Amino acid sequence: MNGQPTALEAIVAFVDERVGLKQIQAKMLNEPVPGGSRWAYIFGSCLLFIFIMQAVTGVLLMFYYVPSADHAYASTQYILHEVDYGWFLLSYHFWGSSAMVMMVFAHMSQVFLWGAYKKPREMIWLVGLALFGIVMAFGFTGYLLPWDQRAYWATTVGVEIMDKTPVVGDFMARFLKGGPTPGQMTLSRFFVIHVMVLPAALMGLAGLHLFLFRKAGPAGPFRGTHAELKAKTDYFFPRQIWKDIVAMSAVFITVCSLAFIEPVVLLEEATPDPGEYHPEPEWYFLFLFQLLRLKIFSGEFGQFLGAIALPGAFMALLAALPFIDRSPERNIFKRPVALVGWLIVMISIVIFTVSAIINREFLD
Amino acid sequence: MSAQAPSMSPVKLGLAVWWPAFWSGIPFKLTIALLFLAMGVPSWEMPGIAFLLLLSIPIDIWAMGVSARTVFLEQLRLNPPDSLGLTLWWQNAILSALYLPLAYFIEISVIAGAKAVTNRIMELGLMKALGVAERISINLVMWSSVSTVVLIILVLVYLWLFGRIVRRQAAGARAATESYQGLVRSWDLMRVPADQPLMLTVFTATGVLLVFGLWAFMPVTTPHPHESYQQSKGKQVPDLRPVDALKKTEKLLAQAETRVEALEAKAQEETKEKEKEKGKGKSKGTADPTKPKAEPAKAGEKPSPKQ
Amino acid sequence: MQPQLKSKVRCTDREVGEVTRVIMDPLSLQISHIVVGGNGAGGPERQVPASTIQRVTDGLVELRAPSSELESFPAFKRDEYVTIHEVEIAHLEEHVHVESGEVLVPVPELERNVKRRAFFANFTHSIGILIGLPLAYPVLRYLMKPMYAPLDNGWIKIGNANKIKTDDVGVQFKYKKKVKEAFMPEAEVDKNVWILKASPDTLEKVYKGKDMDFQDQTGRVIWTNKRDVPYVVFSGKCPHLGCGYKWRSHKVLGQVFLCPCHLSIYDATGKVLDGPAPRPLDALPIRVGPSGEIQIIDMEFKAGTRSQTRIV
């Protein structure tokens, strides 16, 4: 050692002696990524980043937003028109939620295509599916809060669809609505679910997801000889984290740009009669919405089939995936069923989403 | 040990160079686009698009260079020639200038044609029995599948042409003699700047300046106000300051008390005078002209203080 | 068996030292090299690949190379490696068995009685459940309080029948309903219904020969619409998903009720002609005073179901 340690070094040594800081740091950061850090692995970290930004902007919005039926709309308009940069924070929060859904699809697709749900990563996949459900629930509950026509009616239609579930549907719908019809009780419930219940669930499950991931280790690329993988191996810190942060900054800039291009503009305040307004859910539910317009899903049972049974069966299939697909092959180009299945699902979602947008012109 | 240079098809080669080059440039272009947006200049209209394309040139040259040199070292096992980035960039610029308008025209025509054909098929009445939603989706699938196939072909042709350009550069390059690990180390160290403190300082300082610019340009209130929202006008409710209000009231009460005491005193004096005058008046027998004035004034002003 | 640390290393001809360190491959989680040192001659430690190991016994590692070849193995460079405590490699420690013997710590005297441990563990579980349990029922009632509110069966005046000029034509009556939700101040909600002055044919189709009964939650009949009263009132909410529908001219079906949301179409009797509506329009209790004053009981029914279930 040359000379006296600096103040910073002394503090670090003090903490390290008591806590084993250096070892903890090393364990957390020096995780070798076989085959090297990759841009394809950034989606999970981006999700974490987007969640933190949503939490921060969300808390800021709560400084002015009032979750009561007679003030929700006015307080939201106040944030948009009078509070300095309120329009920007609300628009960031709004576009951030869309970014989160996109990123969830990207992350799930990357994990699926890389076969990283296979043994020994089955539990990470299952927890991930639960997290997916939570993200969709976030989008659904948050959408109601501005209490304009779009918010109120998208929620009403969504909850009515849930009502179609046999046996428990009526109870679930009344629980969410806080009564037989949507009103103040609905707003209160959606608010507490959105700002307390779901964030707590997300943080808990995300923590579990990360713990399980570290325990199993990164899956790495699906091709490459042992020598090639070893030659390109680097540590999580700083290489993968560097790629993560570049991706996060790209996401940040994109969401900011969207906030500038298309700031949030509310419709009129919610009324019990939709009038000229045609209820529509958020864009990431549009494909389901369009599916329900098909004749095969008409009628009470048909709506249940299309809205609850089919998506439910699909989620069950995804959950069962690591237990059905036991082949250790992870190369997507050698898993034709998986590749074709993924393409069909993605293309169908795109087709139905675009169809829903085209269908808007046919509504009168 | 030097590995045999593997041969790559032009399409694979084109993609291997173009894909990372494209994404490497994105963060910089996004930053520029965001700054423009804050100033109210969208990047998909003139003049925003012109500025963006202009500023993209050095970014693209750099990105192309990094990407191409990496591919040369790791996948082709060749030493990249000097100014590879610049060479590939200007050759690609010419290719794009010639090919892209043609490809665009082809794709637009195919889309229009496919849509027309699809509409004719739909009109044939075979599908009248289906619902609106079904017809919309079938219509969409019919014309979009054709257009997508053509689009994929156009992209593959572009990549093939670009791959040929890269191949020509590769043909003139010398084989690299290091081991695989050595090659990986080469392209990896290529990404570390020679003068780290300088680069990091310049980067951070530029970033900070851009952020200040963003703060200066971005609008304080929403650029899309709601049509029926009434912005609150100048008339403000004055601030309520409880301590001041109390003090004011105290002062007012004190003043009122003083006035009342003064009036009481005056009233007493006048009553005394009246008594005196009464006495005098009875003996004199004439009414004092000043008295009637005093009386109504007395009656009006004085509330009975003794009550 | 893995080579143990500190065990002696012997080449084909003689002993050359001991195992000072063991190196593992992070990808395969196998031992890739052993470091042989301590041979006294002052030479550097040598890094010997695992393929050179012929046999491992307790305390001894036998190499298949002669001691003269030992110098051909690379010298061990410590700074190219880190210990397994300075890096996180999944499942690595499970594959490490290079210590001879176990490292142990004593179990405290008080914890050695299994029955005692079991009792306190179970008692803890029991108390834990009993702390949570009292909350369950009150919390359930707490959350469910507003979900099954009693129904309002009051009569509301909505207008006069002389507003309706023609038979079998839908006429919209708008009115305001007072609602008090939980703690919210009493509010007025804009509502509307569609009323028809029905011709005898239409009336027959609506009632199908029976008077229309309306019941409350217990099943007791609270009102009956008599089928000889020529006025029929339909709830303003479409039974599909609750949108407000209108009386319109359809190019094929004539004068109909049309819902703009999903294009459900009903005829003047409320019967479904087209669209996703699961049941006909919901009729409400109506009573018409002698001067033509119309009163209704405002009811709402669950949307999207084939059977009619009242919810408000």
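This tour goes from the interface of chain A and chain B to one helix of chain A, in a predicted model.

**The interface**

Select the residues of chain A and chain B that touch each other. Chain A brings 41 residues to the contact and chain B brings 37 residues. About 3300 Å² is buried between the two chains, and carbon and sulfur atoms give 67% of that area. Now pick out His81(A), Tyr85(A) and Phe260(A): they supply 20% of the area that chain A buries against chain B, more than any other three residues.

**Polar links**

Next, show Lys232(A) and Glu74(B). Their side chains form a salt bridge, with 2.8 Å from N to O. The count of salt bridges between chain A and chain B is two. Eleven residue pairs are in polar contact across this interface, both residues being at pLDDT 80 or more.

**The side of chain A**

Color helix 4 (72–81), helix 5 (86–113), helix 10 (226–232), helix 11 (236–261) and helix 14 (336–359) of chain A; these elements each give two or more residues to the side that touches chain B. Which helix gives the most? Helix 11 of chain A does, with nine residues. By type, the residues on this side of chain A are 25 nonpolar, seven polar and nine charged.

**Helix 14 of chain A**

Finally, select helix 14 of chain A. This helix has 24 residues and reaches 34 Å from first C-alpha to last, close to the 34 Å expected. Its buried residues include Ile349(A), Ile351(A), Phe352(A) and Ala356(A). What do the buried residues of helix 14 pack against? They pack against helix 5 and helix 12 (286–291) of chain A, together with helix 4 (132–171) of chain B.

Key:
Residues numbered from 1 in each chain as written. Chains lettered and ligands numbered in written order. Predicted model: local features only at pLDDT ≥ 70, side-chain atom pairs only at ≥ 80, totals over all residues. Heavy atoms only, no water. Contact = heavy atoms within 4.5 Å. Buried area = accessible area lost by both parts, 1.4 Å probe. Salt bridge = Lys/Arg side-chain N within 4 Å of Asp/Glu carboxyl O. Polar contact = N/O pair within 3.5 Å; in protein donor to acceptor, adjacent residues only side chain to side chain. Helix = DSSP H or I, 4+ residues; strand = E, 2+ residues; numbered from the N terminus. Nonpolar A, V, L, I, M, F, W, Y, C, P; charged D, E, K, R; others polar. Expected span 1.5 Å × (residues − 1). Buried < 20%, exposed > 50% of the residue type's maximum accessible area, 1.4 Å probe, protein only.
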